[in-house]
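Reader: I have a structure to read. Please take me through its features, one by one.

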Amino acid sequence: MNSQRFTITKEPISIEEVVKKVIRPEAGAVTTFIGTVREFTNGKRTLFLQYEAYVSMAEKKLAEIGEEIARKWPDAKVAITHRIGKLDISDIAVVIAVSTPHRKDAYEANQYAIERIKQIVPIWKKEHWENGEEWVGNQLETKAYPTGKPEEEDLQ
Amino acid sequence: MITILFFAHLQEAIGKERIQLNCAPLAVKQLKNHLESEYNIDLQHVMVAVNEEYASESELIHPGDTVAFIPPVSGG
């Protein structure tokens, strides 16, 4: 697997490989977030998902999230791998690993990372249901960005 | 010449992942208007990245730039 800490891959993600990228003597805590493909959303059954990315920009934006975290939690080290292509139910779409000296920061920084991915990283998923398919506009599946783009604070 | 990239539903609507356009420097907004009428698509809720950085409607696009139309993202 790619040794870069912020990467997009077409291959299945090894959780262990992502975790290894942030393991270090200074750390006393590692949190992982593992995003998997959900079968039912609001009662609707998903058969599989198709993920697409603007790969070069997506990797840059993942690295930017790493920089934001480094400013907010200076002792944190982050690695993020996001998979693209066809994913089946329960396949791993994203793994975020954060290591810090103490656990609280590791939890907080990890949650920050996934929220930012959903705001600024150019990755899209197409839902394939039993009776159709659709590109998902946002993670809540309820709305597009009301202003047509992420708010200014999302881009900082 | 500018290179224009499309993703997700836009790529399907246009039927291409990229097009190239010969044009004088123009603002993001102008390019949006041009493509909306040319391809009969809605770019209202679509962000634009110029050379892999998010750009405002007023940012100028120059020859050699790569412009990407980025629908609301849904990673994670």
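Reader: How do I read a nonpolar core, and which residues have the most contacts inside the largest one?
Author: In soluble globular proteins, nonpolar side chains tend to be buried together. A nonpolar core is a set of buried Ala, Val, Leu, Ile, Met, Phe, Trp, Tyr and Cys residues joined through side-chain atoms within 4.5 Å. Buried means under 20% relative accessible area, exposed over 50%, partly exposed in between (1.4 Å probe, protein chains only). Here the largest core has 41 residues. Ile69(A), Ile80(A), Ile96(A), Ile117(A) and Ile70(B) have the most contacts inside it. Helix H3 (residues 103–120) of chain A gives the most to this core: 6 residues. Helices (H or I, at least four residues) and strands (E, at least two) are DSSP runs, numbered from the N terminus. Another core, of 20 residues, lies apart from it; among them are Leu10(B), Leu21(B), Leu43(B) and Val50(B).

Reader: What should I know about the model and the numbering?
Author: This is a predicted model, where local features need pLDDT of at least 70, side-chain atom pairs count only at pLDDT 80 or more, and totals for chains, interfaces and linings use all residues. Residues are numbered from 1 along each chain as its sequence is written, chains are lettered from A and ligands numbered from 1 in the order in which they are written, and side-chain values use heavy atoms, with hydrogens and water left out.

Reader: Which residues are in contact with Ile80(A)?
Author: Contact means heavy atoms within 4.5 Å. Leave aside neighbours within four places in sequence, and the partners of Ile80(A) include Phe6(A), Leu62(A), Ile65(A), Val94(A), Ala113(A) and Ile117(A).

Reader: Is Arg83(A) buried or exposed?
Author: Arg83(A) counts as buried, because its relative accessibility is 11%. This residue lies in strand E5 (residues 77–83) of chain A. Beyond four places in sequence, the contacts of Arg83(A) include Glu11(A), Tyr51(A) and Asp91(A).

Reader: How many aromatic pairs are there over all chains?
Author: Rings of Phe, Tyr and Trp (its six-membered ring) pair if their centres lie within 6.5 Å; planes under 30 degrees apart count as stacked, over 60 as edge-to-face and the rest as tilted. The search of the whole structure finds 4. Take Phe6(B) and Phe69(B): their ring centres are 5.7 Å apart and their planes at 15°, so the pair is stacked. It links distant parts of the chain, 63 residues apart: Phe6(B) is in strand E1 (residues 2–6) of chain B, Phe69(B) in strand E7 (residues 66–70) of chain B. Phe6(B) is buried, at 0% relative accessible area. Phe69(B) is buried too, with a value of 0%. Elsewhere, ring pairs link Tyr54(A), Trp124(A) and Phe7(B) into a cluster.

Reader: Where does the charged end of Lys44(A) sit?
Author: A charge sits over a ring if NZ of Lys or CZ of Arg is within 6 Å of the ring centre and within 35 degrees of the ring normal. Lys44(A) places its charged end over the ring of Trp129(A), 3.6 Å from the centre. For Lys86(A), the ring is that of Phe48(A), at 4.5 Å from its centre.

Reader: How many helices and strands does each chain have?
Author: Chain A has 4 helices and 9 strands. Chain B has 2 helices and 7 strands. Along the sequence, chain B follows β-α-β-β-α-β-β-β-β. Of the 156 residues of chain A, 48% count as buried. In chain B, with 76 residues, buried ones make up 51%.
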